[in-house]
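Please look through the sequence and the structure below. The paragraphs that follow start with charged side chains and go on to strands, core and rings.

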Amino acid sequence: MQEKERLSQRFEDMGRFLAPDLCALPGVLVNISREGCKIRYQYPVTLDEENDYEAKITFARAASGSFNLLCHPQWVRTEGNNTEIGFKILPSTDYTKLASYINQLQEDSSYDTLDIQTSDSVCQIIK
């Protein structure tokens with residue numbers, strides 16, 4: 001299967017994905033972007049690929065708690081007892097809050113890639 005080019009950067013992040021119309025138990029967030037997310041369930045999950053699902057994503061690092069988002073499945077993979085699902089995030093209640101969170105993840109990842117050099121009395125940050 002060929003990977004298609006992403007519209008925006010994906011970030012590996014930890015969180016819980018709860019979509020009661022899909023499954024009574026939560027899935028685990030694998031990664032997230034402005035446009036979508038990848039979710040893993042540790043058990044088989046059957047979904048209707050034509051449905052939109054209201055989901056509550058709770059990020060481990062987000063101080064602002066949970067995000068209520070409307071998601072549409074793009075693909076599903078089942079391997080053994082595990083199910084992975086790729087969702088497109090549709091315009092929804094907390095999309096603006098999600099965009100702010102993604103901006104913070106971008107800033108954090110930019111900071112992680114900076115090259116910091118020091119000399120006796122000067123500190124330089126080189127991008």
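A salt bridge is counted where a side-chain nitrogen of Lys or Arg lies within 4 Å of a carboxyl oxygen of Asp or Glu. The model is predicted, so local features need pLDDT of at least 70 and side-chain atom pairs count only at pLDDT 80 or more, while totals for chains, interfaces and linings use all residues. Residues are numbered from 1 along each chain as its sequence is written, and side-chain values use heavy atoms, with hydrogens and water left out.

The structure holds three salt bridges. Lys38, Arg40, Arg77 and Glu84 are linked by them in a network. Glu84 bridges to Arg40, with the closest N and O atoms 2.5 Å apart. Glu84 lies in strand β7 and Arg40 in strand β4, so this pair ties together parts that are 44 residues apart in sequence. Helices (H or I, at least four residues) and strands (E, at least two) are DSSP runs, numbered from the N terminus. Glu84 also forms a salt bridge with Lys38, where the closest N and O atoms are 3.6 Å apart. That pair too links distant parts of the chain, since Glu84 is in β7 and Lys38 is in β4 (residues 36-41), 46 residues away. The side chains of Glu84 and Arg77 meet in a further salt bridge, at 3.7 Å from N to O.

How exposed are these charged residues? The scale is relative accessible area: buried means under 20%, exposed over 50%, and partly exposed in between (1.4 Å probe, protein chains only). Glu84 counts as buried, at 14%. Arg40 is partly exposed at 29%, and Arg77 is partly exposed at 33%.

A charge sits over a ring if NZ of Lys or CZ of Arg is within 6 Å of the ring centre and within 35 degrees of the ring normal. The charged end of Lys97 is placed in this way over the ring of Phe67, 5.0 Å from its centre.

Next come the strands. Two strands pair if DSSP finds at least two bridges between them. β5 and β6 pair in the antiparallel sense over six bridges; here Ala55 has Leu69 in β6 as its bridge partner. β6 and β7 also run antiparallel and are joined by nine bridges, and Leu70 is partnered by Leu90 in β7. β6 and β7 form a hairpin with two residues between them, and Gly80 in the turn has a positive phi of about 65 degrees.

In soluble globular proteins, nonpolar side chains tend to be buried together. A nonpolar core is here a set of buried Ala, Val, Leu, Ile, Met, Phe, Trp, Tyr and Cys residues joined through side-chain atoms within 4.5 Å. The largest such core has 26 residues, of which Phe17, Leu22, Ile32 and Phe87 touch the most other members. β3 (27-32), β4, β5, β6, β7 and α1 each supply at least two residues of this core. Contact means heavy atoms within 4.5 Å. Leaving aside neighbours within four places in sequence, the contacts of Ile32 include Phe11, Cys37, Ile57, Ile89 and Leu98.

Last are the aromatic rings. Rings of Phe, Tyr and Trp (its six-membered ring) pair if their centres lie within 6.5 Å; planes under 30 degrees apart count as stacked, over 60 as edge-to-face and the rest as tilted. By this rule there are six aromatic pairs. One of them is Tyr53 with Phe87, an edge-to-face pair at 6.5 Å centre to centre with 80 degrees between the planes. The pair links distant parts of the chain, with Tyr53 in β5 (residues 53-59) and Phe87 in β7 (residues 82-90), 34 residues apart. Tyr53 is buried at 3%, as is Phe87 at 2%.

Another is the tilted pair of Phe67 and Tyr101, at 5.8 Å centre to centre and 50 degrees between the planes. Phe67 is in β6 (residues 66-79) and Tyr101 in helix α1 (residues 95-112), 34 residues apart. Phe67 is buried at 0%, and Tyr101 is buried at 9%. Phe17, Tyr53 and Phe87 form one aromatic cluster.
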